[in-house]
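Here is a short report on one protein chain. Look over the sequence and the model first, then read on.

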Amino acid sequence: MKQFVIILASAFILFSCGGGTEPAQEPATTPAATETPATEEATLEPVTLTIAGDDHMKYDKDKLTVKEGQEVTLILTHPGTMTKDAMGHNWVLLKKGVDIQEFAMEAIGAKDNGYIPVGTNKVIAHTDMIGGGEETKITFTAPKKGTYNFLCTFPGHFATMQGKFIVE
Ligand code: CU1
């Protein structure tokens, strides 16, 4: 009698185990189906901007627009014929809260440094000073969203050579 119970029980266990192996194989197919490529929308394309400063002490643009965190290459050209000493131009992007006029006055004393105050912490990016027929460029990362001021720091030029740098 005892032996019969054990045999019966063993048969039951074998039967149960045989049936129990099937569900374990199913989940293996699901992970492959849910794999999706990472989205590429988050990456920003670098942008190249151009701005010209001429013999008439003017930029050809008073507004430049970029996106936060974007790699910006700014090309400054001088389509005029006057020399750097007479009609030099640069492009200087100021940090937020820096007064344009105050900075321009400070820059006048920095002729030997291309009219950029030595060791200044008020500038995000700036180009070299150029004369007629020349070209220069800089690459920098766009700062946080907001509106920033840019100007030319050649003495007296900021009055007519300034504009807004808009970060969206
Ligand atoms: Cu200028």
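## Helix H5 and its cover

The buried residues of H5 lie under a cover that includes S4, S5, S7 and S8. This comes from a predicted model. Which residues of H5 are buried? They are Ile 100, Phe 103, Ala 104 and Ala 107. They share the same side of H5, because they cover an arc of only 100° around the axis.

The start of H5 has a contact of its own. There, a side-chain oxygen of Asp 99 comes to within 3.1 Å of the backbone nitrogen of Gln 101.

## The chain as a whole

The chain has 168 residues, and 34% of them count as buried. Its secondary structure consists of five helices and eight strands. Starting at the N terminus, the order is α-α-α-β-β-β-α-β-α-β-β-β-β.

The chain exposes about 10,900 Å². Carbon and sulfur atoms supply 56% of that area.

His 89 sits in the loop between helix H4 (84-87) and strand S4 (92-94). Cys 152 sits in the loop between strand S7 (146-151) and strand S8 (162-167). The pair therefore ties together parts that are 63 residues apart in sequence. Are these two residues buried or exposed? Both His 89 and Cys 152 are buried.

## Asn 90

Asn 90 is in the loop between H4 and S4. Its relative accessibility is 0%, so Asn 90 counts as buried. The side chains of Asn 90 and Thr 153 are joined by a polar contact of 2.8 Å.

What else does Asn 90 touch, leaving out residues up to four places away in sequence? Its contacts include Tyr 59, Leu 76, Gly 114, Ile 116 and Thr 127. Asp 128, Met 129, Leu 151 and Phe 154 are also among them.

## One salt bridge

How many salt bridges does a search of the whole structure find? It finds one. The side chains of Lys 122 and Glu 106 form it, at 2.8 Å from N to O. This pair links distant parts of the chain, 16 residues apart. Lys 122 is in the loop between helix H5 (100-108) and strand S5 (123-126), while Glu 106 is in helix H5.

Both partners have a stated accessibility. Lys 122 is partly exposed, with a relative accessible area of 28%. Glu 106 is partly exposed too, with a relative accessible area of 35%.

## Lys 67

Lys 67 lies in the loop between strand S2 (63-66) and strand S3 (71-77). Buried or exposed? At 44% relative accessibility, Lys 67 counts as partly exposed, because that class lies between the 20% and 50% cut-offs.

Set aside the neighbours within four places in sequence. Lys 67 is then in contact with Leu 44, Ala 142, Val 167 and Glu 168. Thr 141 is 74 residues from Lys 67 in sequence. In space, the two are 9.6 Å apart, C-alpha to C-alpha.

## Two positive phi angles

Most residues other than glycine have a negative phi. Met 57 has a positive phi, near 60°. Met 57 lies in the loop between strand S1 (47-52) and S2. It is partly exposed, with a relative accessible area of 28%.

Tyr 115 also has a positive phi, near 60°, and is a residue other than glycine. Its place is in the loop between H5 and S5. Tyr 115 is buried, with a relative accessible area of 10%.

Technical notes: Residues numbered from 1 in each chain as written. Predicted model: local features only at pLDDT ≥ 70, side-chain atom pairs only at ≥ 80, totals over all residues. Heavy atoms only, no water. Helix = DSSP H or I, 4+ residues; strand = E, 2+ residues; numbered from the N terminus. Buried < 20%, exposed > 50% of the residue type's maximum accessible area, 1.4 Å probe, protein only. Areas by Shrake-Rupley, 256 points an atom, 1.4 Å probe, with all protein chains shown as cover. Salt bridge = Lys/Arg side-chain N within 4 Å of Asp/Glu carboxyl O. Arc of directions from axis to C-beta. Contact = heavy atoms within 4.5 Å. Polar contact = N/O pair within 3.5 Å; in protein donor to acceptor, adjacent residues only side chain to side chain.
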